[in-house]
Amino acid sequence: MGEFWPVRDVLAYLAGSWRVARTVRDLASGDEGRFEGTTAFGPLDPGGLLHEESGTFLWRGVPRPAERTLRFLPGPTPGTADVRFADGRPFHDLDLRTGRHVTDHPCAADLYRGEFTVRDADHWRTVWRVGGPAKDLLLTTDYARETAGRVAAG
């Protein structure tokens, strides 16, 4: 099937619970951190998914609780998504129909460039490269479905 696993409907694919492992590297200082936790993609009215992530972030030897909420709404093309912050502000688009997607998110003077790749029905990855005057980071997140074997798209 190749290196990437095509997903016909990103919202159907993401629905459910995922184990999350993220590394955060500060490319300027060399510091590394790690986040471990879970992400749940649950139904959102009137359509889409509510993404709720929670876990522990370890940075410079200090563990602390961390969480975030995003909204994954149906995108302009069937099978795609429009990702928004919890307050409704735009974050990025998402199209995994080829199994890979690259997108940008400008944040003040910094630029977030994200690459999303799907490996199979139960594993996907994001890599965000953040660059600008305030940040020089590389964030790599691996997702593994908590209930393996559920294939919603492919």
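This report describes strands, salt bridges, a nonpolar core, a pocket and some backbone details of one predicted model.

## Basis of the description

The model is predicted, and local features need pLDDT of at least 70, while side-chain atom pairs count only at pLDDT 80 or more and totals for chains, interfaces and linings use all residues. Residues are numbered from 1 along each chain as its sequence is written, and side-chain values use heavy atoms, with hydrogens and water left out.

Strand β10 covers residues 136–145, and seven of its ten residues are buried. Here buried means under 20% relative accessible area, exposed means over 50%, and partly exposed lies in between, with a 1.4 Å probe and protein chains only. Helices (H or I, at least four residues) and strands (E, at least two) are DSSP runs, numbered from the N terminus.

Strand β10 is joined to β1 (residues 16–26) by nine bridges, and the two run antiparallel; two strands are said to pair if DSSP finds at least two bridges between them. Strand β9 (residues 123–131) also pairs with β10 in the antiparallel sense, over nine bridges. L139 in β10 is the bridge partner of V24, and W128 stands opposite L139 as well. Between β9 and β10, which form a hairpin, there are four residues, and G132 in the turn has a positive phi of about 160°.

## Salt bridges

The structure holds 13 salt bridges, a salt bridge being a side-chain nitrogen of Lys or Arg within 4 Å of a carboxyl oxygen of Asp or Glu. One of them joins the side chains of R22 and E53, at 2.9 Å from N to O. This pair links distant parts of the chain, with R22 in strand β1 and E53 in strand β3 (residues 49–59), 31 residues apart. Both R22 and E53 are buried.

R125 and D142 form another salt bridge, in which the closest N and O atoms are 2.7 Å apart. It links distant parts of the chain, R125 being in strand β9 and D142 in strand β10, 17 residues apart. R125 counts as partly exposed because its relative accessibility is 30%, and D142 is partly exposed with a relative accessible area of 33%. Salt bridges that share partners also join R22, E53 and R68 into one network.

D104 forms a salt bridge with R113, with 2.6 Å between the closest N and O atoms. D104 counts as partly exposed at 32% relative accessibility, and R113 counts as partly exposed at 43%.

## Core and pocket

The largest nonpolar core has 33 residues, of which Y13, L14, F72, L94 and W124 touch the most other members. Such a core is a set of buried Ala, Val, Leu, Ile, Met, Phe, Trp, Tyr and Cys residues joined through side-chain atoms within 4.5 Å. Helix α1 (residues 10–14) gives the largest share of this core, four residues. Apart from its neighbours within four places in sequence, L14 is in contact (heavy atoms within 4.5 Å) with F41, L49, F72, L94 and W124.

The largest pocket is lined by 30 residues, and R22, E53, R68, Y112 and L139 lie nearest its centre. On a 1 Å grid over the protein atoms alone, a pocket is an open set of points where a 1.4 Å probe fits, with protein on both sides within 12 Å along at least five of seven lines, and lining residues have an atom within 4 Å of a point. Strand β4 (residues 62–74) supplies the largest share of this lining, six residues.

## Backbone details and loops

Most residues other than glycine have a negative phi, and most peptide bonds are trans. R60 has a positive phi of about 50° although it is not a glycine; R60 lies in the loop between β3 and β4, and it is exposed, with a relative accessible area of 60%. A108, likewise not a glycine, has a positive phi of about 55°. A108 is found in the loop between β7 (100–107) and β8 (110–120) and counts as exposed at 84% relative accessibility.

The peptide bond joining D45 and P46 is cis, with omega about 5°, and P46 lies in the loop between β2 (32–43) and β3. P76 is found in the loop between β4 and β5 (81–85), where P76 is exposed, with a relative accessible area of 82%.
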